[in-house]
Amino acid sequence: MKMQVRVLLSVLVALALMFLAGCKGGYTCAATFGDSSCTPSGSGLGGSGTGGGGGGGGGGGGAATAFAYAVDQGGTMDGFELNATAGTFAPISGYNAPLIPQTDPSLGVVVAQQQFLYAAFASTNQIYGWSVDKTSGALTAVVGSPFSAAYLGLVGVTGFNQLSMITNPAGTLLFVADAGNNEIWVYEIGLASGSTPGVLTLAPNSPFSTGTFQPWNMTTDGLGKYLYVTSLTADHQGTSVAGYSIGTGSSEGTLAPVPGSPFFSTPSVAYNMWEVQGEPSGNFLIGISGESVAAGAAADDNHLYVFKIQPSGSAPGAITPVANSPFATTYTPFNIAVQPVEANGEFVYSFSVNDSGAAYNPVEGYLLNTTNGALTTIAGPPGSPFSGVTSSLFGQFDQSGDYLFFYGDVASPQLGVLTAAAGTGALTEPIPPISIVTPGYWAVTDPQ
C-alpha cells in the first residue's frame with residue numbers, strides 16, 4: 001500500500017473514531033449542544049438501561065413490523081422491534097444480544113434476503129453473520145461465523161455513514177470496498193433455502209482490482225445489474241464514480257468495468273460524488289458531492305445529482321446527468337436515503353448538518369420522476385423540509401418503504417422511525433426516538 005494512502009487512511013480512521021464517539025472530526029463536540037458530554041449515553045436503551053440483551057418491553061401487540069440491530073461498543077449487537085400495530089419502538093423483549101468485538105463501531109452492518117445480518121469489524125479482521133428469527137428477532141450465528149477478512153483494517157472509513165459494505169438487492173452478494181489495496185471483495189451469500197444458508201463464500205476471482213481508483217462508498221442500481229463506487233479527495237468530498245457490471249447466472253459476482261468507467265468531472269459535467277444511491281426502477285442513480293462547510297469544505301453544495309443509467313447499446317451501465325441536474329436543495333445534503341419501492345414515483349430524502357456542526361437541519365424530501373429523472377420537492381402536507389419530525393444525521397428504509405429509520409447523536413445516540421405517506425412521501429413521526437447505548441453502525445429489516 002502506498003505511503004500516502006496509508007497516511008490518508010490513518011487520518012480518516014482517527015476522524016471516524018472521533019465521530020463515532022460523539023466528537024465528530026469536523027464538528028463541534030456534543031457537549032456544546034445541550035448538557036451531554038462526548039461520552040456515550042449512560043441511560044441505556046429505553047426502559048431496560050442495559051443494552052439490547054434482556055429486553056425492555058418489545059411490541060406486545062401482534063407481530064413485529066420491523067427489527068433494527070445496532071452495534072453496542074460494549075460488545076453486543078443490540079436488537080429493537082418496531083410494532084406498528086401497538087405503536088411501539090423498543091428493545092426486543094427477551095432478546096439475548098450476541099457478543100461482538102468491544103470498542104469497535106464496525107465498518108458497516110447490512111441485511112441480506114431479509115433473513116441474514118452481517119457486521120464487519122476492523123479490530124479483529126472478521127465479518128460476523130447471523131440468521132434473523134422472523135418471529136422473535138433473535139440472532140443465531142450462521143455456520144462459519146465469524147468469517148476471517150484480513151484486509152478489513154485497510155477499509156476506508158470516514159464515520160459519516162460510510163457504505164463500504166453493501167449487498168445487492170437480491171441479497172445474494174456481499175461487497176466490501178478495500179480502499180487501502182484498491183480492491184473490491186465479493187462474497188456469495190448462501191440462500192436461506194439452500195444447503196449453506198447465510199454462509200459467505202468468496203466469489204470466483206475475488207478480490208477485484210480497481211487499478212488506480214480507490215474505492216470508498218458503494219451502491220448497486222435498483223435491479224442489481226451494476227455496482228457503482230465513489231472515490232474521495234478529502235473527508236466527505238468525492239472525486240469520481242466507477243461502474244462495474246455484476247454478472248448473471250454462473251458469472252454472478254464477477255465484476256467488469258462498464259464502458260467509460262471511471263467517470264471524472266469535466267467543465268460541463270460533475271461526477272465528483274461522495275455518495276450515490278440506486279433506485280428501484282434501475283434507471284437512475286442519485287448522488288451528492290458531500291461538500292459541506294460542516295465537514296471542512298470551503299463552501300456548501302446544496303444540490304442533488306441525478307444520473308441516467310444506460311440500459312443497453314454500446315455502453316450499458318454508463319452514467320450521464322439527466323436534464324436540469326443538479327437539483328437545488330434547501331440545505332447541504334450530507335447523506336441520502338431512497339425509498340426502495342415505487343409508489344406514484346419514488347422518494348428521495350436528504351439529511352444534513354448545519355455549518356456550525358452543532359445541530360442537524362430538517363430532513364428534506366423529493367419526488368423522483370422515474371421517466372426523466374427530475375426531482376421535485378414533496379409538497380405534503382406536511383411539506384419538505386419536514387420541521388415537524390426529529391432532525392437527524394442519516395437514515396435507511398425498511399424493505400416495505402413505509403418506514404424511514406433514522407440515527408442522530410448531537411446530544412446522545414438515538415434511533416427513531418418516521419412514516420412515509422403512500423403516494424405523497426410526506427414524513428410524520430408517530431413514535432418518539434429511543435436512546436441507544438453507544439454510537440455505531442446499524443441496519444433494519446422486515447421479518448421474512
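This is a predicted model: local features need pLDDT of at least 70, side-chain atom pairs count only at pLDDT 80 or more; totals for chains, interfaces and linings use all residues.
Residues are numbered from 1 along each chain as its sequence is written, and side-chain values use heavy atoms, with hydrogens and water left out.

**Confidence**

Colour the model by pLDDT, the predictor's confidence in each residue, from 0 to 100. The protein averages a pLDDT of 87, and 85% of the residues score at least 70. Over residues 1-59, the pLDDT is below 50; beyond near neighbours in sequence, this stretch has 135 contacts in the model. Contact means heavy atoms within 4.5 Å.

Next, select strand 2 (residues 76-83), which is joined to strand 3 by 4 bridges in the antiparallel sense. Leu82 stands opposite Phe89 of strand 3. In a regular strand the side chains alternate between the two faces of the sheet.

**The largest nonpolar core**

Which residues of the largest nonpolar core touch the most other members? Show Phe80, Leu82, Phe89, Phe405, Leu415 and Trp442, which hold that place among the 24 residues of the core. A nonpolar core is a set of buried Ala, Val, Leu, Ile, Met, Phe, Trp, Tyr and Cys residues joined through side-chain atoms within 4.5 Å. The elements giving two or more residues to this core are strand 1 (66-72), strand 2, strand 29, strand 30 (414-420), strand 31 (427-435) and strand 32.

Centre the view on Phe405. Leaving aside neighbours within four places in sequence, its contacts include Leu82, Phe89, Trp442 and Val444, and also Ala66 and Ala68. A second, separate core of 21 residues includes Phe116, Ile127, Leu152 and Ile189.

**The hairpin of strands 28 and 29**

Select strand 28 (residues 394-397) and strand 29 (residues 403-408), which pair in the antiparallel sense over 4 bridges. Gln396 stands opposite Phe405 of strand 29. The hairpin has 5 residues between the strands, and Gly401 takes a positive phi near 80° there.

Move along strand 29 to Gly408. At 4% relative accessibility, Gly408 counts as buried; buried means under 20% relative accessible area, exposed over 50%, and partly exposed in between (1.4 Å probe, protein chains only). Apart from residues up to four places away in sequence, Gly408 touches Tyr360, Leu393, Pro413 and Gln414. Gly408 and Ala359 are 49 residues apart in sequence, and the C-alpha to C-alpha distance is 9.7 Å.

**Two buried strand residues**

Show Asn335 in strand 24 (residues 335-338). Asn335 is buried, because its relative accessibility is 0%. Its side chain reaches the backbone oxygen of Leu393 at 3.4 Å.

Then go to Thr220 in strand 14 (residues 218-220). Thr220 is buried, with 8% relative accessibility. Beyond residues up to four places away in sequence, Thr220 touches, among others, Ile166, Pro169, Phe175, Tyr226 and Ile246.

**Backbone geometry in the loops**

Most residues other than glycine have a negative phi, and most peptide bonds are trans. Where do Pro381 and Pro382 lie? Pro381 is in the loop between strand 27 (375-377) and strand 28, and Pro382 lies in the loop between strand 27 and strand 28. The peptide bond from Gly380 to Pro381 is cis, with omega near 10°. The bond from Pro381 to Pro382 is cis, with omega near -15°.

Select Thr103 in the loop between strand 3 and strand 4 (108-112). Although not a glycine, Thr103 has a positive phi of about 50°. Thr103 is exposed, with a relative accessible area of 63%.

Finish at Asn324, in the loop between strand 22 (319-321) and strand 23 (327-328). Asn324 has a positive phi of about 75° although it is not a glycine, and at 66% relative accessibility it counts as exposed.

Conventions. Two strands pair if DSSP finds at least two bridges between them. A polar contact is a pair of N or O atoms within 3.5 Å; within protein, one must be able to donate a hydrogen and the other to accept it, and residues adjacent in sequence count only if both atoms are side-chain atoms.
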